[in-house]
Amino acid sequence: MHISSRAVSPWLGLVLYGIGAAAQALPATTLFEVDFSTDAEGGCRTVGAGRIQELLDEALALAYTDVQLVDYDSQPETNRLLDVFVNGNDAESRDKFRDTSQLVIDFLENNVYRQSGGTPYPFCSDTWLVRYSLDDNALNSDGKEFSLVDEGPLATIRQVPEYMKARANSPGKSPYWSLKHKNYLFDYSYGVGRGYCSKTKHMGATQGVLLPASITLCPQSFNEHRVLGSKTMTPLLSATIPQNPSQIPKTAQRLSTLLPSSSTLFHELFHLLLGIADSVPPGWKRTEEYEITDMGGMNAEQATMNPETYVATGVAYWYTTNTPPDNRNKVEFYGFFTTQG
Ligand SMILES: [Zn+2]
C-alpha cells in the first residue's frame with residue numbers, strides 16, 4: 001500500500017496523511033469461511049490468502065477514510081465532496097454515512113457481524129453453484145435424488161413445493177444448486193453451464209437468500225491488480241468543472257478510472273453487513289447506482305444506501321488526503337474528476 005511520505009499537514013495542525021493506511025484487517029480465515037486449498041466450489045487457492053488480505057486491508061482503509069470524511073466536516077474539501085455525493089449533507093445523513101462506514105470497520109477489525117446465518121463465505125468464482133433446469137431431478141439437503149412418495153419416481157425440482165415456493169420470489173429464474181448450502185438459489189439464466197461470472201462485466205455479487213450469506217468475487221475482478229494509491233494524479237484546475245457532468249473535459253482524469261481492485265470487495269461488504277434490502281437506494285431509477293457521475297442525482301437517503309457511493313467517496317478522499325498538496329491546494333473530486341486549485 002502506498003503511504004505518503006508527507007506525514008503532517010502543518011497549517012491545519014492535523015495529521016491528515018496516511019490515516020487508515022496502516023490499518024490491518026483480521027485474517028480472512030477469521031472473518032470468513034474461506035477455502036484456500038482448492039479452486040473448486042468457489043475456493044480461493046489461486047487467488048491466495050495474500051491477495052485476499054490485501055483486499056481486506058484496503059477495504060478497511062477505505063472505510064476509515066469515509067469515517068474521516070465525516071469527522072473532518074469542518075474542512076472545505078470534505079464539505080465539497082459530501083455536498084455532491086450525500087445531497088443535502090445535513091447532520092442526520094452525515095451520521096448515517098458514518099455509522100454505515102463504521103459497520104465495515106467493526107467487521108474487518110473486530111469480526112462484528114450482525115446479520116443472521118453465521119460466518120459468511122467469500123467465493124473466488126461462481127463454481128459453488130451448479131446450474132440445473134426445473135425438469136432435472138431434485139436434490140435433497142444431503143445432495144441426493146429422492147421420491148416424493150414411497151417407491152415413486154424421482155422428483156424433479158418443479159415437483160417439489162418447497163423449492164417452487166422459494167422460486168416464487170424470483171419468477172422466471174433458473175435453479176442453481178449450491179454445493180456449499182445444499183439448497184437451490186434462483187437466478188437469471190446465463191446459458192447452459194454458465195453462471196453469474198460468465199458476464200465479463202460482473203465483478204462481484206452478494207447473496208443473503210441461502211445462509212450463511214456469501215460474497216462472490218468473479219475471476220475477472222482479479223485480472224488487473226490495481227493497488228490503492230497506484231495512480232498518479234493528473235489534476236485540471238477546478239475552474240474547469242462544468243455545470244453538467246456530461247461535459248467533463250476529455251483530458252480529465254475521471255474518478256471512475258482511479259478505483260482500485262479492492263473496490264469490488266469494499267462494495268460487496270456493504271451488501272453483506274447491511275443486508276441486501278437495506279443496501280439498495282429506495283425509489284432510485286436503478287436497483288443501485290454504479291455510475292459515479294450519476295450519483296449526484298440521488299437524495300441523501302438513497303446515497304447512504306448505495307454501496308458504490310462509499311467506494312467513490314472513499315477513493316476520492318483517500319487520494320485527497322494521501323497526495324501532497326500543491327501550494328496548499330489538495331486534489332479534489334467533487335467534479336467527478338481530479339482537480340486542484
Ligand atoms: Zn451492489
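User: What stands opposite S174 in β4?

Analyst: S174 faces D187 of β4. A word on the ground rules: this is a predicted model, local features need pLDDT of at least 70, side-chain atom pairs count only at pLDDT 80 or more, and totals for chains, interfaces and linings use all residues. Residues are numbered from 1 along each chain as its sequence is written.

User: How do you know that β3 and β4 pair?

Analyst: Two strands pair if DSSP finds at least two bridges between them, and strands themselves are DSSP runs (E, at least two residues), as helices are (H or I, at least four), numbered from the N terminus. β3 and β4 have 5 bridges, in the antiparallel sense, so they pass the definition. They also form a hairpin with 4 residues between them, and K182 in the turn has a positive phi of about 55°.

User: What makes β2 and β3 a pair?

Analyst: β2 and β3 (residues 174–178) share 3 antiparallel bridges, against a requirement of at least two. L129, for instance, stands opposite S178 in β3.

User: Why are β2 and β4 said to stand at the edges?

Analyst: The 3 strands form an open antiparallel sheet in the order β2-β3-β4. β2 (129–131) and β4 (183–187) each have a single partner strand, so one side of each has no neighbour in the sheet. Neighbouring strands are turned by 40° against each other on average, direction ignored.

User: Why is α6 called largely enclosed?

Analyst: A residue is buried if 20 or more other C-beta atoms lie within 10 Å of its own, exposed if 12 or fewer, and partly exposed in between, with C-beta atoms placed from the backbone. In α6, 12 of the 12 residues are buried, so the rest of the structure largely encloses this helix. What covers them includes α2 (48–71), α4 (91–110) and α8 (307–322).

User: How do you know that the span of α6 is close to the expected one?

Analyst: The expected span is 1.5 Å times one less than the number of residues. α6 (residues 263–274) has 12 residues, and its 17 Å from first C-alpha to last is close to the expected 16 Å. G275 follows α6, with a positive phi near 90°.

User: What makes a set of residues a nonpolar core?

Analyst: The members are buried Ala, Val, Leu, Ile, Met, Phe, Trp, Tyr and Cys residues joined through C-beta atoms within 7 Å. The largest such core here has 75 residues, and those with the most contacts inside it include L81 and L269. Its largest share, 12 residues, comes from α2.

Notes
Two residues are in contact if their C-beta atoms, placed from the backbone, lie within 7 Å. Axes are lines fitted to C-alpha atoms, for helices over the stretch in contact, and angles run from 0 to 180 degrees between N-to-C directions.
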